[in-house]
Each structure stands twice: as C-alpha cells, then as structure tokens.
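Here are my notes for you, point by point. Keep the model open while you read.

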Amino acid sequence: MEKNFTFSATLRIILYVLIAIGVVAIVVGFMTDTDRIWANLLLNNFFFLSLAIGASFFMALQYITQSGWSAAFKRIPESMMAYMPYAAVIMLVIVIFGMDSLYSWIHPEDWVSPEGKKFDAHELHIIHNKASFLNVPFFIVRLVIYFLVWIFFVRMFRKFSLAEDREGGLTYFKKSEFYSKVYIFSLALTFSMASFDLIMTIDPTWYSTIFSLKNFIAAFYHGTTIIVVIVLVMNYFGYFDFMKDAHWADFSKYVFILSIVWAYFWFSQYLLIWYANIPEETTYYVKRLTGDWKINFYLNLTLNWLVPFLILLPNYFAHKKYILLIVITLVSFGQYTDLFEQIMPGTMGDFHIGFVEIGTWLGFAGLFFYIVFRTLSSKPLIPKNHPLLNESLNHSGH
C-alpha cells in the first residue's frame with residue numbers, strides 16, 4: 001500500500017522562511033504605502049482562495065461524474081480546501097481595516113484616483129444608485145455568508161472522506177455525491193457574488209456580466225493546475241508511484257480544455273466591450289492597454305491560453321509529465337497576472353512590481369502550502385476504502 005506523506009523538517013523550514021519573507025514584505029508595505037499593501041493582501045488572499053475553491057470544485061465534479069481515475073489522489077484537493085478558513089479570517093481583516101484603501105464607493109465624493117481624478121456627477125449618480133447593495137454592513141454580511149457556505153461544504157466532504165476510510169461501503173460516497181451536487185450550485189452563486197463584491201466593485205462604475213463566470217472558470221482552471229503540480233512533484237519524490245501515462249494524459253486534457261474555456265470567456269468579455277464601444281465599459285480596458293499595463297495584459301493571455309494550447313495540443317507532449325510540469329507552472333503564474341490586471345489598476349493606478357509584491361506572494365504561498373502539506377500528512381495519503389480506488393490505481397485511459 002502507498003506510503004503516507006511525511007511533512008519533513010526541511011520542507012517546514014523552507015515554508016517558514018517564505019512566510020517570514022511575506023511578513024517582512026507586509027511590514028515594509030505598511031511603512032511605505034498602505035494602499036499598495038492592502039491591494040496586495042487582497043490580490044494574494046483571493047489568489048490562493050481561488051485555488052482552494054477550484055480544488056473543491058474539481059473534487060465535487062469527480063463525485064458527481066463518478067470518475068474513477070482521480071480517486072487515489074483526492075487527498076490533494078481535500079488538503080487545498082483546508083485553506084478556506086484561513087482565507088476567511090484574512091479576508092475579513094482586509095475588508096474591515098482596508099476598505100477605504102480598496103473601494104472608492106465607500107466615500108465616492110471624497111475619493112481621488114491614483115491619477116488625481118475624481119468621480120464626475122454621472123459617476124456619482126451611478127454609485128449612489130447602487131448604495132442599497134454597495135454599503136459596508138451588507139458587504140461584510142455577504143462576505144461572511146459566502147465563507148460559511150464554502151467552509152460548511154468542504155468540512156462535510158472531509159468528514160465523509162475520513163469516515164469512508166474507517167468504515168468503507170458506499171454510504172459516505174453517496175453522501176459526498178449528493179453534497180457535491182448541492183455544492184456546485186451554491187458555489188456558482190456565492191463565488192460569482194464574491195468576485196463581484198471583492199474585485200469588480202474596485203471599479204464601481206464599470207460592470208461586466210461575464211466577469212464572475214470568467215473568474216469561476218479561472219478558479220477551476222488554476223486550482224486544477226495546482227493539484228497537478230503537487231501530484232507531479234510528489235510523484236518525483238516517490239509518492240503516487242502507481243501513476244501511469246494515462247493519468248498524465250488526463251491531467252493534460254483537463255489543463256488543455258480549461259485553457260480554451262478560460263480564453264473563451266476572456267475573449268468574450270473583451271470582444272463585447274470592444275464592439276459595443278460604450279465609454280463606461282471601455283475605460284476598463286483603455287487603462288489596462290496603456291503604458292506598462294499592456295505588458296501584463298498580453299502576458300496574461302500568453303500564460304493562461306497560448307502556452308498550454310500550443311504545447312499540449314500535440315498528443316506526444318500531452319503524455320510527457322515533465323513537459324506538463326513546465327506548462328502548468330507557467331499557467332499557475334498566469335492566475336497572478338489575471339488577478340493583478342483586475343485589482344491593481346483600480347487601486348494603485350501605476351504599474352508596480354517590487355519586493356512588496358513578490359514578498360507578499362511568497363509569504364502567502366508559504367502559508368498556503370504549509371496548510372496543504374500539514375493537512376496532507378495528518379491522514380493516510382490514499383483513501384483506502386474509496387469504491388473507485390482500484391479503477392484509479394489501474395487506470396489505463398480506456
């Protein structure tokens with residue numbers, strides 16, 4: 001039977017160092033530019049929250065479709081979901097203490113953009129008409145509800161999974177399948193609303209009906225890529241030694257297809273706004289296609305679509321796990337460029353990449369993977385009584 005995962009002292013030290021770098025970067029940020037650090041905290045917490053959300057959606061789909069090929073490594077998405085309670089605490093701190101720095105709709109009359117502009121009468125009228133929805137108490141209440149829903153379901157998934165390990169049978173598998181069906185609909189609503197609230201309201205006079213769908217797909221897409229990264233790296237160190245070419249091919253198909261779906265929503269949002277040419281909408285892209293922001297704009301499209309599409313399209317490459325590792329590592333950074341494009345222009349104005357940005361990301365990465373590996377080491381790596389385990393262990397792709 002597969003050996004359990006050992007959270008080594010060396011790995012712990014590496015993650016502690018990353019967390020320490022993050023703490024230093026945050027302190028430096030607060031000492032130099034509070035608006036900048038609040039924006040980075042929002043970006044990075046949402047980044048890793050979206051990975052946890054994507055992992056939970058991936059696992060829910062495996063239950064709903066009764067997919068056997070992925071059963072043996074379901075502990076990976078389970079461990080990624082463990083970040084959600086921490087994300088909830090951090091997000092509440094960001095929202096409660098950093099709202100004035102992030103959201104111009106709180107005091108629209110007094111707000112001045114990083115470029116020195118103020119809302120005109122028309123823009124103030126738009127924001128005031130949204131006041132019944134965009135107000136601080138209701139905003140925080142909604143945020144608490146979102147996290148309560150997500151944490152409840154992932155706790156139930158984990159509870160059923162561990163009970164299945166102890167008792168076997170189909171009871172807990174069927175419960176997980178039922179809860180998964182409820183969860184994906186709950187998630188579609190709550191994560192869409194969370195994307196609107198936490199990110200789109202940074203630009204309160206701009207809106208896109210595709211925005212939440214694009215972010216939902218991005219979470220699923222990049223959450224899946226991190227699952228693949230963890231499985232690949234652990235396989236290199238001797239875990240999941242049952243993995244075959246068929247597993248890597250299925251992973252490649254997931255990444256390849258999701259890159260196309262992501263590009264579809266990205267292009268649909270851009271094309272509709274470009275074609276309609278409505279000033280209230282085009283200002284969003286005008287800023288992001290100006291100056292240094294243009295580099296991030298095209299890098300976003302390159303990392304999230306062009307790289308996985310061109311490299312994973314040939315079937316030969318799709319079966320090579322080391323090529324897959326290179327591709328999904330680049331795709332993982334693509335999520336950062338996507339969120340950077342969504343959050344930073346509306347909060348910072350100018351393009352900034354420095355120690356504060358890099359250090360904060362490293363700190364959150366250290367915290368995220370510390371939680372993942374600690375959770376992963378706390379229980380058996382392989383769900384021994386999963387009813388589809390043998391199908392996963394002997395997966396041939398047919």
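1. At what angle do the axes of helix α4 and helix α6 cross? The answer is roughly 175°, with the axes of α4 (residues 84-102) and α6 (residues 136-167) coming within 10 Å. Axes here are lines fitted to C-alpha atoms, for helices over the stretch in contact, and angles run from 0 to 180 degrees between N-to-C directions. So α4 is roughly antiparallel to α6 (the word is used for angles over 145 degrees).

2. Before going on: this is a predicted model, where local features need pLDDT of at least 70, side-chain atom pairs count only at pLDDT 80 or more, and totals for chains, interfaces and linings use all residues. Residues are numbered from 1 along each chain as its sequence is written, and side-chain values use heavy atoms, with hydrogens and water left out.

3. Who makes the contact (heavy atoms within 4.5 Å)? From α4, the residues include Met84, Leu92 and Met99, and from α6 they include Phe139, Trp150 and Arg155. Sorted by type, the residues of this contact are 18 nonpolar, no polar and one charged. Nonpolar covers Ala, Val, Leu, Ile, Met, Phe, Trp, Tyr, Cys and Pro; charged covers Asp, Glu, Lys and Arg; polar is the others, Gly among them.

4. Next, have a look at helix α13, residues 321-347. Helices are DSSP runs (H or I, at least four residues), numbered from the N terminus. With 27 residues at 1.5 Å a residue, α13 should span 39 Å, and its end C-alpha atoms are 39 Å apart, so the two agree. The expected span is 1.5 Å times one less than the number of residues. Even so, α13 has a kink of about 35° centred on Phe340 (the bend is the angle between axes fitted to the seven residues ending there and the seven starting there). In α13, 19 of the 27 residues are buried, meaning under 20% relative accessible area with a 1.4 Å probe, protein chains only. After α13 comes Gly349, with a positive phi near 80°.

5. Helix α9 (residues 245-276) holds Asp250. Asp250 counts as buried because its relative accessibility is 15%. Leaving aside residues up to four places away in sequence, Asp250 touches Trp69 and His395. Past α9 you meet Asn277, whose phi is positive, near 55°.

6. Finally, find Ala71 in the loop between α2 (34-64) and α3 (75-81). Ala71 is buried, at 3% relative accessible area. Among the residues it touches are Pro383, His386 and Ser392, again not counting residues up to four places away in sequence.

Key:
Helix = DSSP H or I, 4+ residues; strand = E, 2+ residues; numbered from the N terminus. Buried < 20%, exposed > 50% of the residue type's maximum accessible area, 1.4 Å probe, protein only. Parallel < 35°, antiparallel > 145°, perpendicular 65-115°, else oblique. Contact = heavy atoms within 4.5 Å.
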